[in-house]
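Good morning, colleagues. Please look at the structure on the screen while I go through selected points of it.

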Amino acid sequence: MATRVLFVGGLGRSGTTLIERVLGELPGVCALGEIVHLWQRDVRDDERCGCGDRFSRCDFWQRVGHAAFGGWHRVDVHRILALRDLVERTRHIPRLAGSARLAGDFTALVTEYAGYYAKIYAAAATVSEANVVIDSSKHSALAHCLRWSDEVDLRVLHVVRDARGVAYSWTKTVSRPETDGSEEMTRYAPTRSALLWNAHNAAFGLLRRRGVPVRRVRYEEFLARPRNTVRRVAAFMGMDPSVMDLGFLHDDAVELSRGHSAAGNPMRFTVGRIELRRDDAWRRQLPPRQRALVGAVCAPLLRAYGYPLSSNAEIVGAHR
């Protein structure tokens, strides 16, 4: 039986980690973090799990590795990273998004690559006794690879945030706690992040056209109406929101328990009460010229997603 997977997609700094953490609090749901980075950062480099332990010392992930592969020592990380370089690339999305079967050798490579993820999803569902697992890898090319796997019941949550807010967030210096402060997260100039915002978000539209269930959520809307958004996403995952206890989620805050996110934003280590409020610092801190440039580059999709082109206007439906 195929494992039901909610793939959280979008460009980084769009609020995907927070949304994944909130959804991971639902009964029957297991949030795994960004599995696309697990091979390198966790299996190979032994960085910290969201629970705080090194990957090699995390009981949850060791049980997953045993169930999936007979132990992580049996995983050929170099092979998986080589496959990633061969098939999981933005330039391959037109081929992956095609309606016809993939050509010969490429089919075998995509199937093998997606198979490693399918094994992790199935093992994690078994270990956690979950009905749905969440992979917040975000990469659109990975989602396109996964759609070719018969072992994955794929559903995509496409998270978008105002491109100008995303651009400002990519300019900030953020340390990676899992490296004990020795490394920082990648930074992009606003022009670069604007181009990436367009490319990644457009790619999820292609998935919808190929029959993959896709539900779009604006980050600003989630912050304004978190309980309503979570109920809608739960229904999208095939769950009954009417019988769910959402006591952990309030209109302006959420109570997060410790999880086992394999990789991702530093927020995955946060436990306890977190205030849910919009961060509009970009309106003041991102220079006007850069705001205008990002707005112009991303204008078609900003308009399609319901964002005002004027940076001084409010988003329709995003008021608290």
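**Backbone, cores and charges**

K138 is buried, with a relative accessible area of 10%; buried means under 20% relative accessible area, exposed means over 50%, and partly exposed lies in between, with a 1.4 Å probe and protein chains only. What we are viewing is a predicted model, in which local features need pLDDT of at least 70 and side-chain atom pairs count only at pLDDT 80 or more, while totals for chains, interfaces and linings use all residues. Residues are numbered from 1 along each chain as its sequence is written, and side-chain values use heavy atoms, with hydrogens and water left out.

Let me stay with K138. This residue is found in strand β3; helices (H or I, at least four residues) and strands (E, at least two) are DSSP runs, numbered from the N terminus. The phi of K138 is near 75°, a positive value in a residue other than glycine. E129 likewise is not a glycine and has a positive phi, of about 55°. Its place is in the loop between α6 and β3, the latter covering residues 132–138. Is E129 buried or exposed? At 71% relative accessibility, E129 counts as exposed.

I turn now to the nonpolar interior. A nonpolar core is here a set of buried Ala, Val, Leu, Ile, Met, Phe, Trp, Tyr and Cys residues joined through side-chain atoms within 4.5 Å. The largest such core has 55 residues, and L38, W39, W61 and W72 touch the most other members. Several elements each supply at least two residues of this core, among them β1 (3–9), α2 (38–44), α3 (59–69), β4 and α9. Which element gives the largest share? That is α6, with 13 residues. In general terms, nonpolar side chains tend to be buried together in soluble globular proteins.

Leaving aside neighbours within four places in sequence, L38 is in contact with V43, F55, W61, W72, I120 and A262, where contact means heavy atoms within 4.5 Å. There is also a second, separate core of 32 residues, which includes V8, V29, M239 and F248.

Next, helix α13, residues 288–297. Its buried residues are R291, V294 and G295. Seen down the axis of α13, these buried residues fall within an arc of 100°, so they line one face of the helix; the arc is that of the directions from the helix axis to the C-beta atoms. An α-helix has 3.6 residues a turn, so residues three or four places apart point the same way. The face of α13 turned away from the buried side carries the exposed residues R289, A292 and A296. As for partners, the buried residues of α13 pack against α8 (163–171), α9 (190–209), α12 (282–285) and α14 (299–304).

Now to the charged side chains. The structure holds 15 salt bridges, a salt bridge being a side-chain nitrogen of Lys or Arg within 4 Å of a carboxyl oxygen of Asp or Glu. One of them joins the side chains of E221 and R232, at 3.4 Å from N to O. E221 lies in helix α10 (residues 219–224) and R232 in helix α11 (residues 226–236), so the pair ties together parts that are 11 residues apart in sequence. E221 is partly exposed at 21% relative accessibility, and R232 is partly exposed at 27%.

E255 forms a salt bridge with R273, the closest N and O atoms being 3.8 Å apart. Because E255 lies in strand β6 (residues 253–256) and R273 in strand β7 (residues 272–275), this pair ties together parts that are 18 residues apart in sequence. A further salt bridge brings together the side chains of R278 and D280, at 3.3 Å from N to O. Salt bridges that share partners also join D252, E255, R273 and E275 into one network.

What is the nearest side chain of opposite charge to R161? It is D279, 4.4 Å away, and R161 is buried yet has no salt bridge; Lys and Arg count as positive and Asp and Glu as negative, with His and the chain ends not counted. Leaving aside neighbours within four places in sequence, the contacts of R161 include R13, W197, Y219, E220, D279 and Y307.
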